[in-house]
Amino acid sequence: MTTPLPATLLIVDDTPENIAVLFTFLSGQGFKVLVAETGEDALENAHEEQPDLILLDVLMPGIDGFETCRRLKSDLSTQEIPVIFITALSDTLDKVKAFKLGAVDYITKPFQQEEVLARVNTHLTIRRLQQELQAQKAALEQANLELQRLATLDSLTKVANRRRLDEYLQREWRRGVREQTPLSLILCDIDYFKNYNDNYGHQAGDDCLQQVAEAISKAVKRPGDLVARYGGEEFTVILPHTFLEGANQVAHFIQHNLRELKIVHSHSSVDEYVTLSIGVATMVPHPQKTPEQLVGMADSALYEAKKQGRNRIVLNDGLK
Ligand SMILES: [Mg+2]
């Protein structure tokens, strides 16, 4: 365990002798001690100095301890600071009022210094444990988010994985049925990728897949669009609310981006660089149809693109 910095205490009391006694004692115990003689000063001081704990007198001219406590607890910047009341009042009702206002403890005058020290230490410990717990909780939530993100990503290319693609397609299909808006799907396949892997090795093949994934991702601009690895050297783009013409444009952007990368492929029969065959399909989702049919249409278009000589885009609006 690391040694914590000395805790900072704020003493609030309108009687200088009371302050002097507590100041001498608590400073002697190693605390950093701040003082305020009015409620107004205490509020300002607490806001600026962020003490770890406040010892608060009840009876003071101006705003009293109760009102000071109420204001501390209603200010976001000071509401977490533990407040211990110190007062000569021993009325039960006042103690109840103190706790209702958010104080953590109550010490009546005349007090024993050892009692003050014990209570201060107890509440500093509780506060520190609460803060540690909050920090752990935040770290855990962050780790959970990261896990969720990783569970939906393809580890090699960092685009969505097949599982995420399937979920997303189902979701957008249902939305399309409800809203009767077109849903487009693009299937891309790297031409002669087997030759690429066989000749340049799997490490180079992985690099190629990553670059292609990036070229595709760059072509896809809207937050609702999803790029996914369909498997092997195939990638998919889901484009909600998109007609065939819009999807065709995205497919052209993809090919443009890939051409710019100039990934040399001397073992391709269509070009000196890595190229893509692309099938594009659009449907207005219908309850009597399935998203698998949309994928099938894109797949037919992709097959057609391969058949026509690769490195091209073929569109399928389901009419032919
Ligand atoms: Mg007083």
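Biologist: At what angle do helix α7 and helix α8 pack?

Modeller: This is a predicted model, and in it helix α7, residues 193-200, packs against helix α8, residues 202-219, at an angle of about 135°, with the two axes 6 Å apart. Because angles over 145 would be needed to count as roughly antiparallel, α7 and α8 are described as oblique to each other.

Biologist: Which residues in α7 and α8 meet there?

Modeller: On the α7 side the contact involves Y196, N197 and Y200, and these meet H202, A204, G205 and C208 of α8.

Biologist: Switching to the sheets, in what order do the strands of the five-stranded one run?

Modeller: The order is β7-β8-β6-β9-β10, in an open sheet with mixed pairing. At the edges are β7 (226-231) and β10 (313-316), each of which pairs on one side only, and neighbouring strands are turned against each other by 20° on average, if direction is ignored.

Biologist: And β6 with β9, parallel or antiparallel?

Modeller: Strand β6, residues 183-190, and strand β9, residues 276-283, pair in the antiparallel sense over eight bridges, and within that pairing L187 stands opposite G279 in β9.

Biologist: Which strands does helix α10 touch?

Modeller: Helix α10, residues 291-307, packs on the sheet and touches β6, β9 and β10, with its direction making about 145° with that of β9. There is also helix α6, residues 162-179, which lies across β6, β7 and β8 (234-240) and runs at about 125° to β7.

Biologist: How many helices and strands does the chain have?

Modeller: The chain has ten helices and ten strands.

Biologist: What about the overall dimensions, say the box its C-alpha atoms fill?

Modeller: Taken along the principal axes, the C-alpha atoms fill a box of roughly 95 × 45 × 25 Å. The radius of gyration of the chain is 34 Å, whereas a compact globule of 320 residues would have one near 20 Å.

Technical notes: Residues numbered from 1 in each chain as written. Predicted model: local features only at pLDDT ≥ 70, side-chain atom pairs only at ≥ 80, totals over all residues. Axes fitted to C-alpha atoms, helices over the stretch in contact; angles between N-to-C directions. Helix = DSSP H or I, 4+ residues; strand = E, 2+ residues; numbered from the N terminus. Parallel < 35°, antiparallel > 145°, perpendicular 65-115°, else oblique. Contact = placed C-beta atoms within 7 Å. Pairing = 2+ DSSP bridges. Rg over C-alpha atoms; globule rule 2.2 N^0.38 Å.
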